[in-house]
Amino acid sequence: MSCQSDSAYVEFLEINDQGVAQFRVYNNTSEDIYSILFELTYENAEGEVLKVDTVNYAVVDSGVFVEADNVTYIAQEVPDQATTATGKIISTSK
């Protein structure tokens, strides 16, 4: 599931066997994104919310987290018994 905000959005891909959730981050804008703040929600098979996590990503070396009109990926460790996740972008720095 994904949540769109200003043509930048995050899409949940999977939770792998190691308990890591993978997300795809889209930047469909004409500007680079230098940092991004996400809210990630993890649920169990019954749809109960196990954890709501707020995480900030930024790339120190190159300065750009995701270039304009491009895609990148993030991974986060999930709580025990999580079977699905959703993500939304709270804010970006361009």
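What share of the contacts in the protein chain with a separation of 6 or more comes from residues 24 or more positions apart? The share is 60%, where contact means heavy atoms within 4.5 Å. The structure is a predicted model, in which local features need pLDDT of at least 70 and side-chain atom pairs count only at pLDDT 80 or more, while totals for chains, interfaces and linings use all residues. Residues are numbered from 1 along each chain as its sequence is written, and side-chain values use heavy atoms, with hydrogens and water left out.

**Figure 1. Overview of the protein chain, which has 7 strands and 0 helices.** Strands (E, at least two residues) and helices (H or I, at least four) are DSSP runs, numbered from the N terminus. Read from the N terminus, the order of elements is β-β-β-β-β-β-β. The C-alpha atoms fill a box of roughly 40 × 25 × 20 Å along the principal axes. Of the 94 residues, 36% are buried; buried means under 20% relative accessible area, exposed over 50%, and partly exposed in between (1.4 Å probe, protein chains only). The accessible surface comes to about 5400 Å², and carbon and sulfur atoms hold 40% of that area. Accessible areas come from the Shrake-Rupley method with a 1.4 Å probe, and for residues only the protein chains shown count as cover.

**Figure 2. The stacked pair of Tyr 9 and Tyr 26.** A pair of aromatic rings is described by the distance of the centres and the angle of the planes. Rings of Phe, Tyr and Trp (its six-membered ring) pair if their centres lie within 6.5 Å; planes under 30 degrees apart count as stacked, over 60 as edge-to-face and the rest as tilted. A search of the whole structure finds 5 aromatic pairs. In the pair shown here, Tyr 9 and Tyr 26 are 4.5 Å apart centre to centre, with 20 degrees between the planes. Tyr 9 belongs to strand β2 (residues 8-15) and Tyr 26 to strand β3 (residues 20-27), so the pair ties together parts that are 17 residues apart in sequence. Both Tyr 9 and Tyr 26 are buried.

**Figure 3. The tilted pair of Tyr 57 and Phe 65.** The ring centres of Tyr 57 and Phe 65 are 5.8 Å apart and the planes are at 50 degrees, so the pair counts as tilted. Tyr 57 and Phe 65 are both buried. Together with Phe 38, these two residues form one aromatic cluster.

**Figure 4. The open sheet β5-β4-β7.** Strands of a sheet pair through backbone hydrogen bonds, either parallel or antiparallel. Here 3 strands form the sheet, and the pairing is antiparallel. Two strands pair if DSSP finds at least two bridges between them. The edge strands β5 (49-58) and β7 (84-93) each pair on one side only. From one strand to the next, the twist averages 15 degrees; axes are lines fitted to C-alpha atoms, for helices over the stretch in contact, and angles run from 0 to 180 degrees between N-to-C directions. Strand β4 (residues 35-43) is joined to β7 by 9 bridges, with Ser 93 in β7 as the bridge partner of Ser 35. β4 and β5 also pair over 9 bridges, and Tyr 57 in β5 is the bridge partner of Ile 36. β4 and β5 form a hairpin with 5 residues between them, and Gly 47 in the turn has a positive phi of about 85 degrees.

**Figure 5. Positive phi at Asp 69 and at Gln 81.** Most residues other than glycine have a negative phi, and most peptide bonds are trans. Asp 69, not a glycine, has a positive phi of about 50 degrees. Asp 69 sits in the loop between β5 and β6 (70-77) and is exposed, at 58% relative accessibility. Gln 81, also not a glycine, has a positive phi of about 75 degrees. Gln 81 is in the loop between β6 and β7 and is exposed, at 64% relative accessibility.

Figure 6. Thr 92 is partly exposed, with a relative accessible area of 33%. Not counting residues up to four places away in sequence, Thr 92 touches Ile 33, Ser 35 and Ile 36. Asp 32 is 60 residues from Thr 92 in sequence, and the two are 9.8 Å apart in space, C-alpha to C-alpha.
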